[in-house]
Amino acid sequence: MTFPGSEDLVVTRASLEDWSVVSGWAGDEGWNPGLSDAPSFFAQDPEGFFIGRIGAEPVSAVSVVNYDADYAFLGFYLVRPDLRGRGHGLTTWKTALAHAGGRTVGLDGVVAQQDNYRRSGFEPAHRTVRFTGNVPTAPAPLGVRPAEAADLGDIAAYDSACCPADRARFLTRWLAGPGHRTFVRVADGRLTGYAVVRPALDRPRVGPLFADTSQDARALLLALAEETPGRAITVDVPRTNTAGVALAEEVGLTPSFETARMYTGPVRPFARERVYGITTLELG
């Protein structure tokens, strides 16, 4: 049996329609993609999605989404299982990575690929653990409520403080995505955290979960659990936030798999201690 080589691969920018195929691959890998993630992802940088084809058949994919002049994020590094080991992934990777130019690039790498990422210039910043399970339902504490349109400016400012780059285009779509539920916590007229839960292939995903304190994060998590009664949820917690790990364990969530946040260079300072759950493994 012969296999096509990388010279047969044609890598082009992907359309939103193409990405439904790639999301299916992500589901097959057990990544539990959100059911309506792609429009929010494309809103940030519609030129940042790449797909490799042999003839008319899609076989590989990578996204490299530019956030600003200094920062980009890589995700969806996938090759169809029956065509792995033929160089298609590396060809697609190199084509897509050029889109970032001189920006620092981040990614969340699965354990099996982390050595490969190091060889490509990525250095680990922290480990991230996906926690899964049922959060006990209880009335949300005072100060927690569904987000309103008037909260958008405060949410965007809070989000900016918790991320390596501003992401207003993504955030506007993310907060209003189909089935997405957003909650804020307010104390003395000031936002002390916000969180989103969204429907996904296997179980609802929480992200982001950004909060001033573990008490704020717990209050928001309880509110999200009220939105998904009787269903297991997932949340991706940086290991460096020990309060976040403790909170996940306290409410009965258990680790299911691990990734590593890696960067090719420096990123702007941000409030890592407020990150109790990252937004997505695909776009940071």
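Tutor: Gladly! Two strands pair if DSSP finds at least two bridges between them. Strands are DSSP runs of E with at least two residues, helices are runs of H or I with at least four, and both are numbered from the N terminus. This is a predicted model, where local features need pLDDT of at least 70, side-chain atom pairs count only at pLDDT 80 or more, and totals for chains, interfaces and linings use all residues. Residues are numbered from 1 along each chain as its sequence is written, and side-chain values use heavy atoms, leaving out hydrogens and water.

Student: How do you know that strand 9 and strand 10 pair?

Tutor: Five bridges join strand 9 to strand 10 (residues 205-211), and at least two are needed for pairing. The two strands run antiparallel, and Arg 198 stands opposite Arg 205 in strand 10. They form a hairpin with six residues between them.

Student: What makes strand 8 and strand 9 a pair?

Tutor: Strand 8 (residues 181-187) and strand 9 share seven bridges in the antiparallel sense. Ala 187 has Arg 190 in strand 9 as its bridge partner. Their hairpin has two residues between the strands, and Asp 188 there takes a positive phi near 55 degrees.

Student: Why is strand 9 called largely enclosed?

Tutor: Buried means under 20% relative accessible area, exposed over 50%, and partly exposed in between (1.4 Å probe, protein chains only). In strand 9 (residues 190-198), eight of the nine residues are buried, so the rest of the structure largely encloses this strand. Across the chain, buried residues make up 52% of the 284 residues.
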